Amino acid sequence: MAEDAANGVGMPQLDLSTFSNQIFWLIVTLFVLYYVMSRIALPRVAAVLADRRGTITSDISAAEEYKLKAQEAEDAYHKARADARAEANRIVEAAKAEMQAQLDTEIAKADAEIAARTAESERRIRDIRDRSIEMVSEVSKDTAKEILTSFGAKADARSVNAAVEARLKGGL
Amino acid sequence: MANESGGFNIRPMDQFEVKALFGGDVSWYTPTNVTLWMALTIVAASVLMVYGARGRALVPTRAQSAAELAYGFVYKMVEDVAGRDAVRFFPHIFTLFMFVLFANLLGLIPFAFTTTSHIAVTAVLAFTVFLTVTALGFILHGAKFLGLFWVSSAPLALRPILAVIELISYFARPISHSIRLAGAMMAGHAVAKVFAGFAGALGAAFFVPVLAVTALYALELLVAVIQAYVFTILTCVYLRDALHPSH
Amino acid sequence: MEGDIAEMGKFIGVGLTAIGMGGAAIGVGNIAGNFLSGALRNPSAAAGQTAMLFIGIAFAEALGIFSFLVALLLMFAV
């Protein structure tokens, strides 16, 4: 190893005779690489990135717009629903009121009919009673006359009637 | 050790030798393995950034999104660390990052030559950055650039001492910048080679060093990427100092 | 086991120099550990500071690499 060091190859990094070669090729490499990167690669990648950023921005704004539209549609839907509900309520109310009115008139009509029928019935009851009383006095008079006749007494029709009526009035 | 026979015959530094591709002596223009692997670095970087992004698709393919990832990563680093006005140096920094990254990664291929393990290469990179940044500082700010060394927030008595320290650390920058990269690359490859040599020497127990080399390889993959990142981010830090010298 | 005493001194020196890398390892561990404890206290601020983490690690690591370099120089170049 001692003679290696003496030859300068113990550590090739310190072999000064190769420095000029390395430096020359390094400079060539750096220039070529810089040319390729700055003229071709970097503008291309930068363009792609800018393009993508533009697309993303426009997509986001479009999405924003769509969202706004969706919001509007939802608002319109809610409004339509509220309107429909109000309309339905109104219709229900109207129908209820109409039904109530109809019901009222029907009830009134029914009441009137009932009243009329009651009156009619009462009248007929009264008639029947009157007629029955009349018939009772008639029968009583006839009976009294017949009884008197059968007893042989000459009955005066008028006085018999008066007596019976007096008795009926008192008895009834 | 070369003339010893048997035992540990490990020559960990041989892999860093610069050799002429077609034989003969190495002069300054001879195509060497340096040339080959630097050319492959260009090819790899171009495949990723040019061929990978060829579709210009809105929804990227795998290669294209890797290219975009590299672009976005370096762009964000330049913007965050060096400031918005450093974006005009983005192509330069990106070139630097791509070169270091692919040189490190290609060097990990078995039997490959790691160009960034040579101090000559990393020193040229680091001194290019150093000189560019220093010149830029003086061009943009003139004598006010020297305010970088005059820590105005410190007590007055301490400022000359701090100025000396700052000056030394400023000039140590390119040295640490270059040696960090070359040293990290060299260390990893040399250790891998030593472990691989153990595998040959141990005979039946060869699998122990092989497992160690496997683990080391994973670590080296991480180191290759991190060193490229660190090299680039330090460039951004130096650039920020040149653009905004006031602390 | 033959060889001269200068060779032996060289190897001892190399070994001593390599200890310097342990200091860098401690430094890097310190930085990473402190970053982690800070990041766990305030995770939202951690993402913005990873660049600082790597810069700090790079500075700490550089000194260890210096000692590694000195070791290599002793081993192969002196």
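**Reading the chains and their contacts**

Modeller: Of the 247 residues in chain B, 50% count as buried, where buried means under 20% relative accessible area, exposed means over 50%, and partly exposed lies in between (1.4 Å probe, protein chains only). This is a predicted model, in which local features need pLDDT of at least 70, side-chain atom pairs count only at pLDDT 80 or more, and totals for chains, interfaces and linings use all residues. Residues are numbered from 1 along each chain as its sequence is written, chains are lettered from A and ligands numbered from 1 in the order in which they are written, and side-chain values use heavy atoms, with hydrogens and water left out.

Colleague: How many helices and strands does chain B have?

Modeller: Helices (H or I, at least four residues) and strands (E, at least two) are DSSP runs, numbered from the N terminus. Chain B has six helices and zero strands. The C-alpha trace of chain B spans about 65 × 55 × 40 Å along its principal axes. A contact means heavy atoms within 4.5 Å; among the contacts in chain B with a separation of 6 or more, 66% join residues 24 or more positions apart.

Colleague: Which residues make the nonpolar surface patch of about 680 Å²?

Modeller: Patches are made of residues with over 30% relative accessible area and no salt bridge; like charges are joined within 9 Å, and nonpolar side chains (Val, Leu, Ile, Met, Phe, Trp, Tyr) within 5 Å. Here the patch is made by B:Leu21, B:Phe22, B:Leu36, B:Leu40, B:Val43, B:Val47 and B:Tyr51. One of these residues, B:Leu40, lies in helix α1 (residues 33-51) of chain B. B:Leu40 has a relative accessible area of 33% and is therefore partly exposed.

Colleague: Is A:Ser137 buried or exposed?

Modeller: A:Ser137 counts as buried because its relative accessibility is 14%. This serine, A:Ser137, belongs to helix α2 (residues 19-151) of chain A. Leaving aside residues up to four places away in sequence, A:Ser137 touches A:Val164 and A:Leu168.

Colleague: What area is buried between chain A and chain B?

Modeller: The size of an interface is often given as the accessible area lost when the parts come together. Buried area is that loss (1.4 Å probe), summed over both parts. Between chain A and chain B about 3,800 Å² is buried, with 73% of it from carbon and sulfur atoms. In chain A, the residues that lose the most area to chain B are A:Gln13, A:Gln22 and A:Arg44, together 16% of what that side buries. The contact involves 36 residues of chain A and 47 residues of chain B.

Colleague: Which residue forms a salt bridge with B:Glu68?

Modeller: A salt bridge is a side-chain nitrogen of Lys or Arg within 4 Å of a carboxyl oxygen of Asp or Glu. A:Arg52 is the partner of B:Glu68, and their closest N and O atoms are 2.7 Å apart. The count between chain A and chain B is one salt bridge.

Note on methods: Accessible areas come from the Shrake-Rupley method with a 1.4 Å probe; for residues, only the protein chains shown count as cover. Buried area is the accessible area (1.4 Å probe) that two parts lose on being put together, summed over both.
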